[in-house]
Amino acid sequence: MKKTTKGAFAAGTAAVLLMGGAGTLAFWTDNGTVAGGTITAGDLKITAPSCGNWTYDGGEQAPGATFTPGTSLLVPGDVITKTCTTVLTATGEHMRGTIVASTPTSISPYTVNVSAITDATTPLSAGQTFTEANNGDTLSVTVTVALPGADTASQNVTKVLDAITLTATQVHS
């Protein structure tokens, strides 16, 4: 027999065997249903801050005396503070997150310090983790602006203190 004839015969035989074998091989299958259910996500938010007036922290002015932006003038060594409150909603099993406040753009030579703490159950500083146990806590946000040491370049300098954003962010560990 020629090689091509042998090859054709072998290919034909293989095809017959494969077709015959396909009918005799079976795989068993079965399935089951996994029960579903209602799933609901928790909630994370803070209310719009409610703020008091800017006040002096002491020095030449009596502590708590009102500072009026655009009218009152700071001198080196003065420190003014504004306190705002907001309420934290943090619901969900094993909820964890952080509270941070944005620092305004540079207003050199003034320095700005921003912090956030709870006034309720567990004290919480800026950047620390809260849990669902802090749900409903009132957060107190304190912004402090200071005009440091005597620098003649800071005389008659007018700056605008940008809005400060308080952000609650959920974390997962």
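## Close-up views of a predicted model

**View 1. Thr 152 lies in the loop between β9 and β10.** Strands (E, at least two residues) are DSSP runs, numbered from the N terminus. Thr 152 is classed as exposed because its relative accessible area is 64%, where exposed means over 50%, buried under 20% and partly exposed in between (1.4 Å probe, protein chains only).

The model is predicted, so local features need pLDDT of at least 70 and side-chain atom pairs count only at pLDDT 80 or more, while totals for chains, interfaces and linings use all residues. Residues are numbered from 1 along each chain as its sequence is written, and side-chain values use heavy atoms, with hydrogens and water left out.

**View 2. Asp 43 and Lys 45 form a salt bridge.** Their closest N and O atoms are 3.9 Å apart; a salt bridge requires a side-chain nitrogen of Lys or Arg within 4 Å of a carboxyl oxygen of Asp or Glu. The whole structure contains one salt bridge. Asp 43 is partly exposed, at 31% relative accessibility, and Lys 45 is also partly exposed, at 47%.

**View 3. The largest nonpolar core has 22 residues.** Such a core is a set of buried Ala, Val, Leu, Ile, Met, Phe, Trp, Tyr and Cys residues joined through side-chain atoms within 4.5 Å. Leu 74, Ile 80, Leu 88, Ile 99 and Phe 130 have the most contacts inside this core. Elements giving it two or more residues are β3 (54-56), β5, β6 (96-101), β9 and β10 (166-170).

Definitions and conventions:
Helix = DSSP H or I, 4+ residues; strand = E, 2+ residues; numbered from the N terminus.
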